[in-house]
Amino acid sequence: MPASSGHIVIEAVQPELDGGRFRAKAVAGDQVEVTADIFRDGTAELAAVVRYESPSGEVAESSMTLFDNDRWAGSFQPPRIGRWRYTIEAWTDHFATWLRDLTKKADAGQVTELDLEEGALLIEGRIPAVPEPDGAVLKRTVALIRSTPLGPGNSPQVAAALSPEVMEIMSRHSDRSGSATHRTLELTVDRERARYGAWYEFFPRSTGAKGQHGTFRTAAEHLAMVAAMGFDVVYLPPIHPIGETHRKGKNNALTTEPDDVGSPWAIGNRFGGHRSVDPNLGTLDDFDAFVEAAARLGLEIALDFAIQCSPDHPWVTQHPEWFHHRPDGSIMHAENPPKKYEDIYPINFDTADREGLWHELKGVVDFWISHGITIFRVDNPHTKSFAFWEWLIDAVQGERPDVIFLSEAFTRPKVMYRLAKLGFTQSYTYFTWRNEKQELTDYLVELTQTGLVDYFRPNFFTNTQDILTEFLQLGGPPAFKIRLVLAALLSPSYGIYSGFEFCENVPLREGSEEYLHSEKYQLRHRNWAREEGTLIPYVRKINQIRRDHSALGLLANLRFHESHNDKVLAFSKTAPGHDPILGLVSLDPSNEQEASISLDIPPWDLEAPPSYRLHELISGTTHEWRPQDNRVLLDPSIEPALIFTVEG
């Protein structure tokens, strides 16, 4: 092994995913903190910077500081979206080392002319690289150091060398010869919607009059209600033509009636495939008008991207090689034993025509981008090729860095996290099934206080068209309130599926998470105009609280507090310059729960004031609390959650 002349070590850099294999994530305007272990052999002083490059190639740097046990920290603030690059450069600061030693000698009265000459040479060596007027300052300093023999008290020469102005100039124009540079890392910088947003899912086909198929036009009329509830994103299940072969009937029946509309996830028929809309919904022009209507209300449309086909999809005849074939030559339908989905053909990502398939799928995404869609909810990405997702997201965001991909991967943790590393902007999570205090706390600590914060962004859906949890089935309206508050306050991004606000909670059968009369297979008429007896006002209030308090738009600022009751979850979120938010939520939808709360909310947990003024945001009431042992009673029949702003 050849000898190396390097002295400096840079390691344990954060954020750095798998040695730089993947990009970390941030949002435009974030202060991106970069830390590393930086040290060298010997006792010389070091200096280090974070050097960062914008998507258009501008390069800047910011200083790093030593804060603990050879751990250094620096930061930069990317102002716009796109792919940024950053690295760390560290070098031996010979002038700082000389100053350190000179100070010690001066304090001991041991400075010699040779000591001063060493400093003069260091300063003199930097003069050619220093522009005026700083160069003139250094020249005068060298002259003063060398002007007279060293006298008693070492003062004129030592004072000149230790001048703060000289130290600042020498630091700014440090000699970096022999520096070490860490590998260049990349950072995906997204727009704010990548981290923060309230999502609402509904089926356009269910927005018609009772017994009638809804259209994009009737769905557009529904948007005002969604906006009024305070949502930011409207997620639509697939809007494409629906297959007729093996079409599923109501409640997933294998036989159909003439009026059965089928599952939107059985994509494609004689009217087209992934680049077409179901004629029952209208035309592409109608869809464009729907997207424009949403934009006028401040809503974005998220479109479902499901890579699968009905037996009637044009690809089946045009590209049979893109599908799995059984020994008898027939195309294999989807299965999740014992369930069978005869109306759906999965795609074979091991096809010999991989290039053709991949480019066609990117073409689908590009097509909908051209129709105003910049958010895609991706159906079951964990059942498709990892390599494909990395290629697709990289290619799409390379052209349109504002595009967001939400991963609907209810699967094993490592698979979910891999998809996030591959580029997915957000992910569905296990929150949907986390009901107990300890499991909620453990899971949220994992999501917010570990390395996951560098790349995994959760989206807490309370329910989906596929998932009606037992907690919602059995807990009545209080359960819906509890899950809404938890989802909306614990995660910057959360979502509900329509019907949640009406507390729809009837399962297909006992032990099933499927809805009875599931909207996946039939139209569901709802009285959208009715608010009395619904959670619509409550949803509106919670979303308004989210908008009014910026701390709720962040993820890593979550902190849990002791409530002395396993049925009461206490947590807070803080943001610089804003009052903290304190949430107290009963996890029991059926019984009163009492708890004792202590307010160890930073920064006041170090020097707690004698009392706090709390303003409760749901009821509007004001309270005085002590730092310790504040008693609360949560009655789910009245209000299962309290949300406070805390004033010290």
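Of the 648 residues in the protein, 56% are buried (under 20% relative accessible area, with exposed meaning over 50% and partly exposed in between, for a 1.4 Å probe and protein chains only). This is a predicted model, in which local features need pLDDT of at least 70 and side-chain atom pairs count only at pLDDT 80 or more, while totals for chains, interfaces and linings use all residues. Residues are numbered from 1 along each chain as its sequence is written, and side-chain values use heavy atoms, with hydrogens and water left out.

**Overall architecture**

- The secondary structure comes to 14 helices and 30 strands, taken as DSSP runs numbered from the N terminus (helices H or I with at least four residues, strands E with at least two).
- Along the principal axes, the C-alpha atoms fill a box of roughly 105 × 65 × 45 Å.
- Among contacts (heavy atoms within 4.5 Å) with a separation of 6 or more, 75% involve residues 24 or more positions apart.

**Strand β13 and its partners**

- Strand β13 (residues 300–305) has five of its six residues buried, so it is largely enclosed by the rest of the structure.
- Strand β12 (residues 233–236) pairs with β13 in the parallel sense over four bridges, where pairing requires that DSSP finds at least two bridges between the strands; within this pair, V233 stands opposite E300 of β13.

**Helix α7**

- The 13 residues of α7 reach 19 Å from the first C-alpha to the last, close to the 18 Å expected at 1.5 Å a residue, a span defined as 1.5 Å times one less than the number of residues.
- The buried residues of α7 are D286, F287, F290, V291, A293 and A294; they lie on the same side of the helix because they cover an arc of only 160 degrees around the axis, judged by the directions from the helix axis to the C-beta atoms.
- These buried residues pack against α6 (216–228), β12, β13 and α9 (354–369), whereas the face turned away from the buried side carries the exposed residues D285, A295 and R296.
- After α7 comes G298, whose phi is positive, near 80 degrees.
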